[in-house]
Structures are given as C-alpha cells and as structure tokens.
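Reader: I have the sequence and the model open. Can you take me through it in short steps?

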Amino acid sequence: MSGLTFTMLDTAKMSTAEIYGQALCGLGEEHPEIVGLSADLAKSTKIGAFGEKFPDRFFNVGIAEQNMFGMAAGLAKAGLVPYVSTFAIFTAMRGLDQVHTDICYQNLDVKMIATHAGLSFGQAGTTHHCTEDIAIMRSMANLTVVVPADGVETANAVRAAYERKGPVYIRINRGFDQVVYDGPDYGFEIGKAVTMRDGTDLTVIACGSTVWRAVEAAAMLEKSDGLKVRVLNMHTIKPIDAEAIERAVRETRRIITVEDHSVVGGLGGAVAEVAAGTGKSFSFKRLGVPDCFSIIGLHEDLLAHYGIDENGIAAAVREMMGKDFEADDDWEDEV
Amino acid sequence: MALTTEERRRLEDKAHELRLLSVDTVAWAGSGHVGGSMSAMDVMTILYHKYMRVDPKDPAKPDRDRFILSKGHVGVGYAPLLADLGYFDKELLREYNHTGSPLGMHLDSNKVRGVEASTGSLGHGLAIGLGMALGARLRGEAWKTFVLLGDGECDEGAVWESAMAAAHFKATNLITVVDRNHCMIDGPTEDVMALEPFADKWRAFGFEVIEADGHDFDALASAIERAMAATDKPVVIIADTIKGCGIDFIAGDYKWHYGGFDAEKLAKAKESLGLYHESRLAKGAER
Amino acid sequence: MGDDELYASRIFLGAALPLLKVLAVDHAGVRKGFAGKSGAVQVSALTGGREAVYGAPKIGAHFVVENGELRFEKGLAEGPDIELEFKSVAALNGFFSGKAMKLPRIRGALAKPGLLVATFKGLLAMSAALGATEPPAAEAERELVVKLYFYLLSSGISQLNKAGHPDVARWVAASPDRVYAWSVEGKPELSAYLRLKAGNSRAARGVYERSKPFFTMSFDSTESALGILMSIDDMVEATKAGRIIMKGAPEYGAAIGEYMMLVGAYAK
C-alpha cells in the first residue's frame, strides 16, 4: 500500500490510542466522579476501555450527539465530571449548539475528547473529516482547546483536563500516531508550547500530527541545508502561548505554521493574531488544508498531498528562507 | 392525594399574584413572552409551591429538587416566581431586560439565583435534565428533576433524542411536563408543524403519558403525584393550556407569543386577570 | 592565498580608515584635532602595473569633515583638500600595517595644515589603539579599543567577502540570511554585527534589533574582550572561565573566530 511511513514492527509501538484509554481508566479509579459518554462510538474512540472498567459510570447514548452533550452538561451540574467522546466533526458541528450553550456558556467541567480529527479518517471522506474544528472551538469563550501530538501527550492532556476548571476540548486522531515523546515527563503544561528544537533561522509552529513531521523536517534541513529551524509544539491552541510566539517573531522573524486543519482560522490564524499584534515585521506562511474539502486516501498520503508532511514543510522552509525579507538592496558596510 | 380546599385556594391566589407580577414585569421589560408565561404559570406554581423541595436561601443545596425551564423564553413568567420565593430581590424585576441587568429575555444560570440551566435555545432542557437525573441516580441521591417544555419546542429532534434516551435509561426520577398551549410564533402548532398524535409519540418513545388540564390544580396535582411515583417508565405530563390565559384580549391568540403592554393595556390585562381569578375560584368552590 | 595585496587594501581602506570617525568622536585628542576643521581628505594608491586587478589607475577612500564631524564616502573624491597618495597599493598596505614607514605623497598641506595634522593625529591614535599589546588601564579607553576592534573585524570580514577572498566568499555564498554579532555584556553601545545572505554581506555598528542574531560572540567585560582580541588570552580557557560566551551554535563560533583572525593577519 502506498503512503505508509511505518512498518508492521512499528504498529506495536503505535497503538497510542490505548495509552489514552488507559490514562482515562487510571483517572477514573482515582476520581469516582468521572463518568464517560459516547454516541455509539465507544470502540472507535477508545473510551470503551473506560466503559468496560466502569460500566455504571458510562453512558452510551446511541447516535444522538445533541442529547449526549446536553446530558454531559446535566451530569456536570449534578456534580460529576463527564468525559465525552465522539468524532471531532460531530462534536464541533452536530452538537455545537449544546457545546456552546450548555457546556461553554455555563462553564461546566465537561471534557470533550474529539477523535478522528483533521484528515486522519482519510478514507472515510469529507463527511467524517474535520478540518474546521480548531477554528470553531477556539472561538468559544471559556473553552480550553488542546491538540496533543501523540498518545503520550494525549494521556497528559486527559489528566491535565481533569485539573483544569471548566470545559476542555481535546482533539486527537484515529490513534495511529507517530511517537513524539518517550515518556510523559517532558514538561507538559496547558498553555505552554514545547520547544522541540531550537534555532534562529525560522520557526515552525505545529500541533497534533504535524509535530512529528515538523521535527523530521527540521532534522532534514539541518543536515542538508545547515539550517537551524526552531520547532514549537503548540499543543494548546487556547489559551495560546503568546509569549513563545512573540519570542519566535522577535528572535527568528520567520514563522511557518502547520496543522492537519484548514488554513483558515486554525492554529495558523491563532498564531497570526498574536504575531501581528507584536507590531514587528515577520515573514509568515500557513500550511494546512487549502480551504477545500479533501480528497480521500490514507492519512499519510493526504498529508503529503496537501504539503503538510515533512517534505512539504521542508520545501516551505526553503522557499521562505530564499525570499527577500528586510532591505536587501543595501549591502554597503556601515562607515 | 387530593388537594384540600385551603391548598387549592392558596395555589389559585399565588398563581394569580404571579400572573399580575408577570405582566408588570413585561411592562418593565418593555415587552416579553407573555403568552407562554401565562399558559405555564399554573404548572410552575404548583411545582414550586407544593411539590418541589427547594430552599431559596440556599440555591446550591445538594439534595434540592431541580427545575429546568426548557422553554426558556418565558423568563418573564419564571423570574417573578423565583423573586417571590425569595431567591432574589423583587425590585430587580423592574430592571428586566435593561442594559447590564442580570435578568434578560432568557434567564442565565450564571447570573440568577435559582435558575438551574441557561436555556433559551429550544430542545436542550430535556437532555440537561436527563443528565441531572442520571447523575442523581449515580450518586445515590433522591432528588427529582422537573423539565418544562413548550409544545412547539417538541419539533426539535434533540427533544426526541433525549426522550428515547430517558426511556432507555429508565430515568424515572425525571418528570417531564409539556406546556401544550397549541400555539407557536408563526401560528397554531398544527398549522406550522403538526404534532398530533402527540401523546402517541411520547408513548411510542417509551413514556407513560398523563394528559391533564394545565389550568386545573387538582388535575395537575394528581398527574404530578403519579409521575413522582413512577418506577417503570419516565412520565410526561401533557398539560393542556391556553396561551395567554387569563387575559381576554390575548388568550388563545398565537400572535401574543411575544408582546408589550402600554399603561392602558396593562390596566386592561390586570382587570381581565382579576376576573379570571374569580372565575377560577368559583370553579374550585364547586368541587 | 588569492590576491593578498588586494584583500589587505580593502581592509585598510574599507574597514580601518573609517575608524577615524569613531576616534573623532570618542578620542579627546583626535576630537580636538578635527574641531572646527572642514574639508575633504582622501587616502589613495596608484595601481600602476596592476590596473587590471584593481579596475582603475588609482584606488582610495575619502571622508568629508564638516565643522569637526567626519563623514565617509565611497571611492575617490573630485579635488579633495588633503590627499595622501601612495605610490603603490603595496606601499599603502605597508604604511597602514606599520611595516613600512615610507610616507605617501601629500597634497594640500599648505592650504589646510590643520586638517592634515588632525588626520595624522587620528591615524596615530588608531595605530596606538589597535597596536597595543595589553589592555589600557582605564575603562573608557578599553571601551574605545573594543569598539574599534569590533568594527574593524566585522567590516573586515565583509570587505574580504566583497573582495572575493575564496574562504570567506564561499562561506558567505552558502549562508542563509543570518546575523553574527559581537558584544560585551551590559555595554550595548560597543556592539557590532555582520549580516550575511547568499553571498551578500553588510557590517554595521550597534545592536541588531530585528531578531535574535544567529550567533553572538559575547564577552563578560572589556578586559576579557581585549584579552582575546589582543591574542593574550586563550580561547579555550576563556570559554571555560566564562569570559567569552558563545551564544548560538558553537561550530559557527569557530568559523567566525577563524575569519576574525584572518582579518587580523591582513591588518597587522
């Protein structure tokens, strides 16, 4: 099959969805007020593991997302902490009125785990892709939006969500992610970007499945072009790490954002808002799905197709480094 | 248990008092959802003044019964009831809808003591109520959750998602009441989007249906008591009501879903309500 | 390596001579010398048989003094008031490196003697500052010498690139848009930097504001700076002791260090 960038040996490492399922079970043991909800997707979204362990605390509401999110709100009002899981597209669109009014407006402790985000459900097509949810969700007041880079980071996010007051939206893939982190203790903190590689030639800001790819691209670029590219894992889109963005603008002046999401309104938009506010000039490019509905295909192939895999990122970096930036007509030494 | 004469009298007087306060609030607000407030007032009055265990001094009391006004637009009917009970100062009603006021067209649970959920977007209340009811059961708590829906609201698919789920989860600690006033914004319900056979629909979704006259406290009492004792299926009380009841120039008129009263109309409304109250007392005395 | 005479001349005319402007501001004696003077001063050399290499029969640089303030301009002037014309580029190089004492042909001495004296005073001060073998005792003097060195080295590397010195030009040609800076902790007024991009180079004075420089060679004091610049201190020792702090990738520090030494070799 074309496009697979991992071997069968890797799949053992790559069942990272299980890591999140285990994390939730662990949390559930420590905190009896945690309950789980699913809309007939318990198996696909891995919250089924929680459901098996705590059947009394798990509600499968069938294919009825609006009811599910409303129920989650009611359960939260009764003093429980609901973890609600379904595909990203249904969280961000089908149930959005409930997410917005019942959960966000009333600032309830409902933790939404939205799976199969971006193009990760490749072959299922547009009806199941979700390349708009970051844009939608970050515009909801009171909502924390986290896009973890791999299974380990998802587990961290799931745990951090419990500690965090108010509604949380965690956006993940199907569960077959490249491994970015070896273990959970690398300093995960909501609202703080993780510097994967440092450098001052250019900054690539990525989230979710593009983080691994950005790191690969940066390694490639250092080896072949001698470039020192800073890579930031901006796992929290809201509240975004404005300080890290401002520092990137100040210290590198060139920013490329990359996300498994539309170029409209997602991570790119969020970064642009902060960067533009610094008042400093900088070169900027958003990589993502180019404001279109995607073709079908394997996730890896789609990422390559839309230029958001490691080769696409490297090409974008090279292009930006070659562009004229500041006054390039005056090359006289100052005397 | 049948209502005693005193109980019935007290409820009639209270409902009348609240209707008067409600039309005042409509006037102070400039305009409001008066039709649905009038039709729902008896249901809300009997729930709060006879059956629900609440403490206005302690709105967060863990074992309190919950009420969700899913037809959240009738805030001008609900707020007076809460104020009258002592959840907040009655004077606040004078600022209803004013800029910066905590009281607005749709009551906000973040801002108004006693309000359990911020409703207004129709179709949400039953899901939230179901979540609460299941939460109570999970925590082993005995309090009940009452949800009041509008009939037009039952066009929303989400309502039926929640109904299906309530039956599936056997949420008998959830008591649903529909304010069946047969009107919505654009006309009578049966003209806009026919709901009949309405009771059959609820039965088909696994509910026990009790149909009652929504302006007869005895009928309501009997229905609510049966609902609260349910153990097998969740209960829905379809309260047959008159939109804008008690005010002769708006009763039964869908156009008065939302409106305003000038000084003259306000006086007329109150006069009409007074006569209505008397006729209700007379009917009650016959029992 | 390549055309050393050409490279040396570019360093003297393009990097060293312009330091007079700094001395005219910061050095009391030089400042006094130029005070109230006006006119154009040119330093030039005849290329003789090597006209093909230099592209003209005469090369040089000049500066204009206006009421004590110096302003450097490119190339040769039309009728300068004072001109120091060397017989050959080798002679110019020899004079500036202090190896040859042969004076150039001097024009305009009678018309503007004061300006000529001021110029020589400046050149002597420069030679004294850059030729010292140990750091001056006073901090103010040390600051001036550090500044002169930073400016000389940054412009020197840039001039070598522009002149086509094979090592330097190759390095600059391969470089993406990057800035290399020199600084002393806590004394931004002494900073200098060099911007490179795909073959182009520009040396500038002061702190580079637009972004964080790709590499900064930073010294913890003027003494530490002079220790290295005057080749008294050992690079490794100084780094270990924290007298010199390389901010950025260390392998680039090595490259920059190498080119600094190259400039030094031509200038001495």
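Author: This is a predicted model. Start with strand S7 of chain C: C:Ala192, C:Leu194 and C:Leu196 point one way from S7(C). C:Tyr193, C:Arg195 and C:Lys197 point the other way, and all of these residues are buried.

Reader: Why do the side chains alternate?

Author: In a regular strand, side chains alternate between the two faces of the sheet.

Reader: How many residues of S7 of chain C are buried?

Author: Strand S7 of chain C spans residues 192-197. A residue is buried when 20 or more other C-beta atoms lie within 10 Å of its own. By that cut-off the strand is mostly covered, and the count is 6 of 6.

Reader: Which residue of S7(C) does C:Tyr180 stand opposite?

Author: Strand S6 of chain C, residues 178-184, runs antiparallel to S7(C). The two are joined by 5 bridges. Opposite C:Tyr180 stands C:Leu194.

Reader: Which residue in the turn between S7(C) and S8(C) has a positive phi?

Author: S7(C) and S8(C), residues 200-205, run antiparallel with 6 bridges. C:Lys197 stands opposite C:Asn200 in S8(C). The two strands form a hairpin with 2 residues between them. The phi is about 45° at C:Ala198.

Reader: Now chains A and B. Which helix gives the most to the side of chain A that touches chain B?

Author: The contact takes 24 residues from chain A and 22 from chain B. Helices H4 (65-77) and H6 (96-104) of chain A each supply at least two residues of chain A's side. With 9 residues, the one that gives the most is H4(A).

Key. Residues are numbered from 1 along each chain as its sequence is written. Chains are lettered from A and ligands numbered from 1 in the order in which they are written. This is a predicted model: local features need pLDDT of at least 70, side-chain atom pairs count only at pLDDT 80 or more; totals for chains, interfaces and linings use all residues. Two residues are in contact if their C-beta atoms, placed from the backbone, lie within 7 Å. Helices (H or I, at least four residues) and strands (E, at least two) are DSSP runs, numbered from the N terminus. A residue is buried if 20 or more other C-beta atoms lie within 10 Å of its own, exposed if 12 or fewer, and partly exposed in between; C-beta atoms are placed from the backbone. Two strands pair if DSSP finds at least two bridges between them.
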